Amino acid sequence: MYRSTLYFFIFACFTLSAQAAITVRAYFDPPKIALGDNARYVVEIEESSTQSMPSPERVTTLPVPTIRGLEFRNGRTSSSQQTRIINMQSEYAITQSLSIDAIPSEVTTYSIPEYTLDYKGTTYSVNSTRLEVVKRSAEAAPSANELIFLKADLPESLYLGQSIQIQLKLYISESVQLRGLNAYERRADGFTLSQKLPEETIERLETINGQRYRVVTWPLQLTPIRSGPQAIDFQFTVSAQLPQNQQSGRDLYGRNSPFGSSLFDNFFGQTEQFNIYTEPATIEVKSLPTEGKPSSFSGAIGDFDMQVFADSNETTVGEPIMLSIKLSGTGNFDRISGPRFPEDANWRHYKPESSFEAKDDYGLRGSKRFDYVFIPQNSGQLSLPGVRFGFFDPETKEYLELTSPPIEVTVAPSKTQVSAPPSVNQTKPNQPSSENSRSNNIPIAISPEAILFTLDYQPKPAKSIDGNPLRQKWFWGINGALVLVSITGYGFICKRRHYRNSPEFALRQSAKSEFRLTLKTARDAINRSDTDAFFRAAQQLIRLQLTIRTGRNLQAAGSAEIAGLLQRAGISDPAQSKLNALSKKADAQRFSGATTAGIGQSEMEASFQMLITHLKALK
Amino acid sequence: MKSLSQLKSFKQLSCLLCLSILALIQAPAESLADGTAAYEAKDYTSAITAFTSALETEGESAALRHNLALSYAQSGQLSEALWQLERAQRLDPFNSAWIQKIELLKSQMGLLSSPPAWYALAARALSFQNWVLLTTAALWIAFFIFWLCPIYAPSKAGLRKAGSSFSLVVGLVSLALSVLSYLDTTSGRVISEKSETLRAAPAKAAPAVAELRPGTSGRIVDQHEGYYQIKTMDSFKGWIAKDSFRPLTEVR
């Protein structure tokens with residue numbers, strides 16, 4: 001038992017020695033300020049160890065006692081690490097700082113008593129600390145809060161759902177150089193407000209207490225969504241170069257120096273990042289009164305005018321007519337929906353289309369239009385229903401109702417009935433057949449909407465309806481080829497007709513065919529060694545060739561005429577003499593009975609070749 | 001043993017591959033059925049997606065366009081629904097039920113009723129391309145019969161005259177219907193769900209000529225960069241952004 005106790009004691013000592021040493025300290029920075037300045041209340045948790053760098057436990061809340069007149073805001077944490085080596089011994093330390101801005105409201109000494117803080121399962125005592133707030137000297141330089149501050153123009157009360165425009169103003173002294181607007185936060189849980197600041201701002205100069213400020217204004221739209229007192233405030237995180245504090249009796253504005261502010265004041269100024277806030281404000285959000293609320297009220301708050309008109313006062317059954325309602329004025333247009341109309345047997349109507357035309361950048365002023373489609377179901381003198389629009393005027397604090405009388409419309413009977421297609425059951429029951437005069441079937445009426453939204457369950461093969469052959473090359477190519485063929489064919493046909501109608505052409509054609517036949521006859525005569533027939537055929541060939549050439553019928557021409565024609569043909573003299581000799585031999589054999597026997601076949605062949613050769617010259 | 005097990009695994013792999021191919025082949029048909037099922041389950045967004053996918057995989061058909069139109073109408077996109085329904089009617093021009101549906105939808109949107117005339121329907125019987133080809137073929141046939149037959153078949157004058165007359169009549173009628181079909185191809189609709197501005201010039205800064213309701217019909221007269229010049233049924237003429245107006249047929 002003694003040993004176990006000893007071991008436990010050693011273990012405890014070891015554990016304790018291995019644990020980090022933790023100290024907690026609280027203080028004000030600075031501990032003394034002038035009224036109008038802010039101080040920081042800081043709680044530092046330092047952990048040190050010789051073994052290793054301690055790992056801190058993140059502290060998210062600080063149970064600081066509430067002090068009357070001292071407001072705490074904007075809590076934040078930071079940490080720093082340190083390693084020291086003393087006599088070859090390492091010591092590790094990490095410091096977690098929790099700081100919060102302390103804003104005093106009066107000249108007094110604020111005292112925060114001692115309190116406890118739980119950290120890593122152990123309770124630590126946080127020491128008491130004091131903040132002394134003194135009166136600001138008349139010659140003291142202005143505090144940061146006086147050089148740059150934030151204001152919001154807020155009303156004292158609003159009605160639930162009422163939209164207004166507010167202005168968030170940032171005042172920047174001319175001695176401050178604003179480097180940047182790093183963050184924007186707002187606390188407005190009971191309102192709808194823009195998440196981000198609008199990009200467009202208004203800038204102007206303003207003088208307050210003899211000091212000039214540049215005022216940057218952001219317009220915002222505010223709408224309360226909860227009733228009762230609702231807190232609202234804004235915070236900016238800015239980076240700005242503030243002027244250097246006063247030195248040697250000279251202040252920022254040079255009041256103790258005949259030379260005014262020094263250049264070196266700004267030269268040594270530092271850029272700081274800090275938070276600025278609007279004064280905490282509460283807006284009393286009132287519920288809308290129930291007394292006097294018209295049935296047509298649907299949440300519109302503001303001041304409105306109404307115009308009602310139809311695009312026509314004549315139509316036919318089934319033809320639509322448009323009823324338009326235009327609301328103009330100031331108010332929460334984004335919450336206004338179009339008036340509702342009761343069901344009417346004479347009209348079928350649909351949800352309206354709405355359009356809004358803003359006259360300012362925030363959507364609070366403008367006009368909103370609702371277009372309703374009304375389709376008459378019956379003919380005759382009908383009336384479009386009257387319109388009632390109720391709204392609450394926050395200025396007069398009472399409900400108002402705008403009304404418009406019914407609009408008379410003349411509806412003519414329809415020319416074509418819009419009826420159900422033949423494939424759908426008709427609303428009338430089917431006529432019973434002659435064989436069965438009674439029917440047990442019950443007809444079911446189908447509405448036009450049901451017909452409209454019935455799918456097609458029988459898809460047909462697809463066909464293409466796109467395409468333009470007039471822009472295709474193949475189309476013009478084929479047509480061009482057909483045109484060419486037509487033109488060529490037409491020319492050919494015309495030429496043939498012309499020749500067929502000419503007697504000279506017919507004679508020549510006849511002579512040509514006769515020439516071919518006679519040529520064959522001459523060859524046959526050579527083969528038979530019939531010299532008489534050969535010479536007759538030879539002479540005939542000459543006559544036919546001359547017929548073809550001259551276009552005159554020379555098939556009965558004599559040798560003298562043939563000789564004259566040959567001479568006029570312009571062929572050579574030896575050719576002329578040979579052809580004339582052939583012709584004369586044929587005449588002699590025909591008229592005088594002279595025989596040409598004894599002329600061999602080879603001689604006839606030679607004569608024939610000569611004849612063909614010279615006849616070619618006649619062509 | 002080893003070869004048997006290899007053969008078995010090869011057979012299994014082949015079967016799996018065949019089944020996968022069959023599944024892939026059948027997959028496109030599921031888009032139409034998927035769309036129908038989604039529509040009946042009132043999931044109109046999925047129905048739109050399925051029918052749109054079926055348009056790409058199965059090709060365009062009148063039933064697909066019709067069902068897609070109803071899906072759009074049910075999800076509140078009436079202008080798009082009207083365009084799709086008109087396109088379906090172009091693909092199946094003699095479906096009287098769809099003509100009625102178009103008029104019902106137009107009345108719901110507050111548009112004037114204007115069912116197509118009988119000659120417009122006749123012009124939609126064939127596509128513009130087919131009408132042009134028919135016209136060309138008929139006129140060429142008439143020409144050749146009239147000019148060439150007297151030369152090659154002079155004795156058959158009666159048959160020749162009948163043939164050429166018939167071809168000529170067919171050609172002239174199809175020419176007229178081609179013109180009507182071409183005019184029909186230039187028509188389109190405002191597909192924006194809000195009113196659109198008709199401008200005097202093809203520029204955003206141009207002055208407004210009129211405000212067009214969603215679904216308004218018009219005929220394309222000209223186009224320039226991102227704008228169409230259109231003429232509406234009520235004779236408004238001006239320029240509208242191509243994003244807001246879609247022709248019913250693509251005549252390339």
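Strand β15 (residues 202-208) and strand β16 (residues 211-224) of chain A run antiparallel and are joined by 7 bridges. This is a predicted model: local features need pLDDT of at least 70, side-chain atom pairs count only at pLDDT 80 or more, and totals for chains, interfaces and linings use all residues. Residues are numbered from 1 along each chain as its sequence is written, chains are lettered from A and ligands numbered from 1 in the order in which they are written, and side-chain values use heavy atoms, with hydrogens and water left out. Helices (H or I, at least four residues) and strands (E, at least two) are DSSP runs, numbered from the N terminus. Two strands pair if DSSP finds at least two bridges between them.

**Hairpins**

- Another antiparallel pair is β7(A) with β8(A), over 5 bridges.
- Tyr115(A) faces Val126(A) of β8(A) in that pair.
- Lys120(A) lies in the loop between β7 (115-119) and β8 (122-126) of chain A.
- The hairpin of β7(A) and β8(A) also has 2 residues between the strands.
- Lys120(A) is not a glycine, yet its phi is positive, about 55 degrees.

- Axes are lines fitted to C-alpha atoms, for helices over the stretch in contact, and angles run from 0 to 180 degrees between N-to-C directions.
- β1(A) and β3(A) are antiparallel and share 9 bridges.
- Ile22(A) stands opposite Glu47(A) in β3(A).
- A salt bridge joins the side chains of Arg25(A) and Glu44(A) (3.2 Å, N to O). The term means a side-chain nitrogen of Lys or Arg within 4 Å of a carboxyl oxygen of Asp or Glu.
- Arg25(A) is in strand β1 (residues 21-29) and Glu44(A) in strand β3 (residues 39-49) of chain A, so this pair ties together parts 19 residues apart in sequence.

**Cis peptide bond**

- Asp29(A) and Pro30(A) are joined by a cis peptide bond, with omega about -10 degrees.
- Pro30(A) sits in the loop between β1 and β2 of chain A.
- Most residues other than glycine have a negative phi, and most peptide bonds are trans.

**Three-stranded sheet of chain A**

- An open sheet of 3 strands has the order β2-β9-β6 in chain A, and its pairing is mixed.
- β2 (32-34) and β6 (109-112) of chain A form the edges; each has a single partner strand, so one side of each is left without a neighbour in the sheet.
- On average, neighbouring strands of this sheet are turned by 20 degrees against each other, direction ignored.
- β6(A) runs antiparallel to strand β9 (residues 129-134) of chain A, joined by 4 bridges.
- Ser111(A) is placed opposite Arg130(A) in β9(A).

**Interface of chains A and B**

- 42 residues of chain A contact 52 residues of chain B (heavy atoms within 4.5 Å).
- The two chains bury about 4300 Å² between them, 63% of it on carbon and sulfur atoms. Buried area is the accessible area (1.4 Å probe) that two parts lose on being put together, summed over both.
- In chain A, Leu452(A), Phe453(A) and Ile465(A) lose the most area to chain B, together 16% of what that side buries.
- Across this interface the rule finds 1 salt bridge.
- Asp466(A) and Arg87(B) meet in a salt bridge through their side chains (2.9 Å, N to O).
- β25 (365-376), α4 (448-452) and α5 (473-500) of chain A each supply at least two residues of the side that touches chain B.
- α5(A) gives the most to that side, with 9 residues.
- By class, the side of chain A that touches chain B has 25 nonpolar, 8 polar and 9 charged residues. Ala, Val, Leu, Ile, Met, Phe, Trp, Tyr, Cys and Pro count as nonpolar, Asp, Glu, Lys and Arg as charged, and the others, Gly among them, as polar.

**Whole structure**

- Over all chains, a search of the whole structure finds 25 salt bridges.
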